[in-house]
Amino acid sequence: MTMPNFLVIGAAKAGTSALYRYMQQHPQVYLTPKKEPHYFSYDSRTKMTNGPGDTIPHAVTDRIAYQALFDDVSNELAYGEASPTYLYVQGASERILSEVPDVRLIAILRQPVDRAYSAYMHVVRDGRETILDFQEAIQQEGNRVEARWGPIWHYIRGGYYHSQLLSYYHKFPADHIHVVLYDDFKSSPQSVLRSLFAFLGVDEGFVPDMSVRPNVSGVPRSGFVQSLIFRLFMKPNPLRALFRWLLPENTRFRFTTAARNRNLRKVPLSADLRGELTRKYYLDDIAGLETLLDRDLSDWLT
């Protein structure tokens, strides 16, 4: 039975969906059809989180079921999956080391306040967040963590990358860990993907279709349209089944993503609040991350 030889471990709302979509197009790369199995983060008990609309309860916790996600691997050189909880959930690195010690690990990191705000806007987009003020939602984070809401609700806690990555650098060889910065991925996606493909040992000259950006956060322009898109294209129904039979997966993805994105409007985070929250929560962690990665992250502080 096949186990992955690479994992995209996070961070959530830092571009993992785009990485998954673009890497999936490479003929020498296999990614599981279920993007986020979260196998190494949870067991059958701990996956039962309580946040409104949490998807974590659908995590794959059975080893045989997890291995079955790789049944279609054929001649691909790299085969893996993308579960952004692996970077955040304590104990995930130990379980990964125990089951796939030679695995290669990919992390993509975003300015932590921007990541937190994107996570917040993600659940606003989906109609799950009832507090329509970012600062007020942050103040409720501790209560939500205590009530065992899933990681998407851990807006501030999800951005302590230095402490999260240290767990992996203490267990795995440094040359088995590849860290991407979201800003680099946004500004030079082809360069980032070339480096990533080289890390995985596949043809680094392959250029995927990057014309559609998946999993964009924002505020729905129309709640009715958002609800209609969800009911028609995200939940099982006869029309969705017909689309899946008639249209190739990539065509369906482009259509549904474009429809969803057109109904979203951006509500930017103010620069003043971004700076205030960065100084309040992340200065020490960013300094540690700069040392760990030997990267200048001063742009994250401005």
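Mentor: Let's start with burial: buried means under 20% relative accessible area, exposed over 50%, and partly exposed in between, using a 1.4 Å probe and protein chains only. This is a predicted model, so local features need pLDDT of at least 70 and side-chain atom pairs count only at pLDDT 80 or more, while totals for chains, interfaces and linings use all residues. Residues are numbered from 1 along each chain as its sequence is written, and side-chain values use heavy atoms, with hydrogens and water left out.

Trainee: Is Glu129 buried or exposed?

Mentor: Glu129 is buried, because its relative accessible area is 5%. Arg144 is buried too, at 6%.

Trainee: What does Arg144 form with Glu129?

Mentor: A salt bridge, which is a side-chain nitrogen of Lys or Arg within 4 Å of a carboxyl oxygen of Asp or Glu. For Arg144 and Glu129, the closest N and O atoms are 2.8 Å apart. Arg144 lies in helix α7 (residues 141–146) and Glu129 in the loop between α5 (112–125) and α6 (134–139), so the pair ties together parts 15 residues apart in sequence. Helices here are DSSP runs (H or I, at least four residues), as are strands (E, at least two), numbered from the N terminus.

Trainee: How many salt bridges does a search of the whole structure find?

Mentor: Nine. One of them joins Asp184 and Arg295, with the closest N and O atoms 3.0 Å apart. That pair links distant parts of the chain: Asp184 sits in helix α9 (residues 182–187) and Arg295 in the segment after α15 (283–293), 111 residues apart. Asp184 counts as partly exposed, at 29% relative accessibility, and so does Arg295, at 35%.

Trainee: And how do I read a pocket?

Mentor: Work on a 1 Å grid over the protein atoms alone: a cavity is a set of points where a 1.4 Å probe fits but cannot get out, whereas a pocket is an open set with protein on both sides within 12 Å along at least five of seven lines; lining residues have an atom within 4 Å of a point.

Trainee: Which residues lie nearest the centre of the second largest pocket?

Mentor: Ser41, Tyr88, Val89, Gln90 and Gly91, out of 23 lining residues.

Trainee: Which helix gives the most to that lining?

Mentor: α8, with four residues. Helices α3 (85–88), α4 (92–99) and α8 (161–169) each supply at least two residues of the lining.
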